[in-house]
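Subject: Structure handover

Hello,

Here is the structure for you to open. Please have it on screen while you read the notes below.

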Amino acid sequence: MEFFCYHRDRPGSLTLRHELLEEHWSYMDRYAKEMIARGPTLAGDGTPTGSVHILDLPNPAAARAFAFDEPGYQAGVYRDVSLRRWHNALGRTMWDFPGGPEDGNRYLVLGLGAGPAVDLAVPSSSDRDELIAYGPLMSDDDTTWLGTAALVRAPDPDTARARAGLTPEGYADIEVHNWQFGGRS
């Protein structure tokens, strides 16, 4: 089962986040084989604002343990956690993305669902090659569509939103966050 986990930083927690960086990475190293994508979201000045992890785990209980046992969460770095079932519509990891980790800007495009399911499949546009990860967000029991999450390479946030191919009327909100490949250097 694949899961999307987004820890959003609590205001004023940057120092604590930096203090726990090695502990965070060591924790994530335990999940290296399960990782589909990972990395921080960033403010315009490069300050971390959150942490995205997409991974394949046995069940919702294992996903909750992953999200809430994370050292930064335990220490109070994060203000909230979004944890949803996710379907890997591209069938690959971020490390398989042909553009690699350095070429161009990266974004998390997060559509928060508002009704009947939309965008369950990868967009068929010419921008498909710019998608690093893409998939619908689902309830724990995989029966209710809750939105869509995409990691996208694009020159700017507006282009990232367009390349994600989300149907605007299907969402209560579509967020676009600066994002970068995560993990140890």
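Start at the end of helix 5: G165 follows the helix, and its phi is positive, near 70°. Helices (H or I, at least four residues) and strands (E, at least two) are DSSP runs, numbered from the N terminus.

Before you go on: this is a predicted model, where local features need pLDDT of at least 70, side-chain atom pairs count only at pLDDT 80 or more, and totals for chains, interfaces and linings use all residues. Residues are numbered from 1 along each chain as its sequence is written, and side-chain values use heavy atoms, with hydrogens and water left out.

**Helix 5**

Helix 5 spans residues 157–164, and its buried residues are A160, R163 and A164. Buried means under 20% relative accessible area, exposed over 50%, partly exposed in between (1.4 Å probe, protein chains only).

What covers the buried residues? The cover includes strand 5 (105–113), strand 6 (131–138), strand 7 (145–154) and strand 8 (171–179). Contact here means heavy atoms within 4.5 Å.

At the N-terminal end, D156 caps helix 5. One of its side-chain oxygens lies 3.1 Å from the backbone nitrogen of D158.

**Largest pocket**

The largest pocket has a volume of about 350 Å³. A pocket is an open set of points on a 1 Å grid over the protein atoms alone, where a 1.4 Å probe fits, with protein on both sides within 12 Å along at least five of seven lines; lining residues have an atom within 4 Å of a point. The volume is the space filled by probe spheres set on the points, which are joined across faces, edges and corners.

The lining has 21 residues, and R17, L21, H24, W25 and P40 lie nearest the centre. Helix 1 (14–19), helix 2 (21–29), strand 2 (35–42) and strand 3 (48–56) each supply at least two lining residues. Strand 2 gives the largest share, four residues.

**Second largest pocket**

The second largest pocket holds about 260 Å³ of space. Its lining has 14 residues, with P101, R106, W179, Q180 and F181 closest to the centre. Strand 5 and strand 8 each give two or more. The largest share, three residues, comes from strand 5.

Best wishes

Definitions and conventions. Polar contact = N/O pair within 3.5 Å; in protein donor to acceptor, adjacent residues only side chain to side chain.
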